[in-house]
Amino acid sequence: MENRIKTYPEFYRFYLSEHKDRTCRLLHFIGTALVFVILFIAGYTGAALYWFLIPVVGYGFAWVGHFFFEKNKPATFKYPLWSLYSDFKMFFQILSGRIGFDSGKDS
């Protein structure tokens, strides 16, 4: 039986290790930023199409980063909620300068 990660701090260390490639992180950042833009537009207009676009854009950018640049399987498949939370956490940590697009700046 496979070992499951039991705590969120342990998961987030794993999550960052699965996002070492600069392009993968950049694609995650762009996808998450676009999710916020789409959320605003969806809330403002109420158009159903925008609500549909949120997961397509958010996961689309991230999965391109994983499959073509990082060459690994997204953690979303095993840890969907922790992964979603971590996408936002990584976004805000990059935005604030706490971590960088290059994994060498992680603390």
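**Cavities, pocket and helix packing**

A: Arg25, His28, Phe29, Thr32, Asp87, Met90, Phe91 and Ile94 line the second largest cavity. Keep in mind that this is a predicted model.

Q: What's the volume of that second largest cavity?
A: The second largest cavity holds about 30 Å³.

Q: Which helices supply at least two residues each to its lining?
A: α2 (22–45) and α4 do.

Q: And how does the lining of the second largest cavity split by class?
A: There are 4 nonpolar, 2 polar and 2 charged residues in that lining.

Q: How many cavities of 30 Å³ or more are there?
A: The count is 2. The largest cavity has a volume of about 60 Å³.

Q: Which residues line the largest cavity?
A: Its lining consists of Tyr15, His19, His28, Tyr59, Ala62, Trp63, His66, Pro74, Ala75, Thr76, Ser83 and Asp87. The elements that contribute two or more residues to it are α3 (48–70) and α4 (80–96).

Q: Which element gives the largest share of that lining?
A: α3, with 4 residues.

Q: Class breakdown for the largest cavity, then: how many nonpolar, polar and charged?
A: The lining has 6 nonpolar residues, 5 polar and 1 charged.

Q: Moving on to pockets. What's the volume of the largest pocket?
A: The largest pocket has about 150 Å³ of space.

Q: What lines the largest pocket?
A: The lining residues are His28, Gly31, Thr32, Val35, Ile54, Pro55, Gly58, Tyr59, Ala62, Leu84, Asp87 and Phe88. His28 and Asp87 are also among the residues that line the largest cavity, and both are in the lining of the second largest cavity as well.

Q: Which helices give at least two residues each to the pocket lining?
A: α2, α3 and α4. The largest share, 5 residues, is from α3.

Q: And by class, what does the lining of the largest pocket look like?
A: It divides into 7 nonpolar, 4 polar and 1 charged.

Q: OK, helix packing. At what angle do α2 and α4 cross?
A: Roughly 100°, and their axes come within 10 Å. An angle from 65 to 115 degrees counts as roughly perpendicular, so α2 and α4 are roughly perpendicular to each other.

Q: Which residues make that contact?
A: On α2 they are Arg25, His28, Phe29, Thr32, Ala33 and Phe36, and on α4 they are Asp87, Phe88, Met90, Phe91, Phe92, Ile94 and Leu95. By class, the contact of α2 with α4 has 9 nonpolar, 2 polar and 2 charged residues.

Q: What about α1 and α4, at what angle do they cross?
A: Helix α1 (residues 8–17) crosses α4 at roughly 65°, with the axes coming within 10 Å. That makes α1 roughly perpendicular to α4.

Q: Is that crossing of α1 and α4 left-handed or right-handed?
A: Right-handed. The contact involves Tyr8, Phe11, Tyr12, Tyr15 and Leu16 of α1, against Trp82, Ser83, Tyr85, Ser86, Asp87, Lys89, Met90 and Gln93 of α4. These residues divide into 8 nonpolar, 3 polar and 2 charged.

Q: One more pair. How do α2 and α3 pack?
A: Their angle is about 175° and their axes are 8 Å apart. Angles over 145 degrees count as roughly antiparallel, so α2 and α3 are roughly antiparallel to each other.

Q: And how do the residues of the contact of α2 with α3 divide by class?
A: 18 are nonpolar, 8 polar and 1 charged.

Definitions and conventions
Residues numbered from 1 in each chain as written. Predicted model: local features only at pLDDT ≥ 70, side-chain atom pairs only at ≥ 80, totals over all residues. Heavy atoms only, no water. 1 Å grid on protein atoms, 1.4 Å probe; cavity = no way out; pocket = protein on both sides within 12 Å on 5 of 7 lines; lining within 4 Å. Points joined across faces, edges and corners; volume = space filled by probe spheres on them. Nonpolar A, V, L, I, M, F, W, Y, C, P; charged D, E, K, R; others polar. Axes fitted to C-alpha atoms, helices over the stretch in contact; angles between N-to-C directions. Parallel < 35°, antiparallel > 145°, perpendicular 65-115°, else oblique. Left-handed = near helix turned anticlockwise from the far one by under 90°. Contact = heavy atoms within 4.5 Å.
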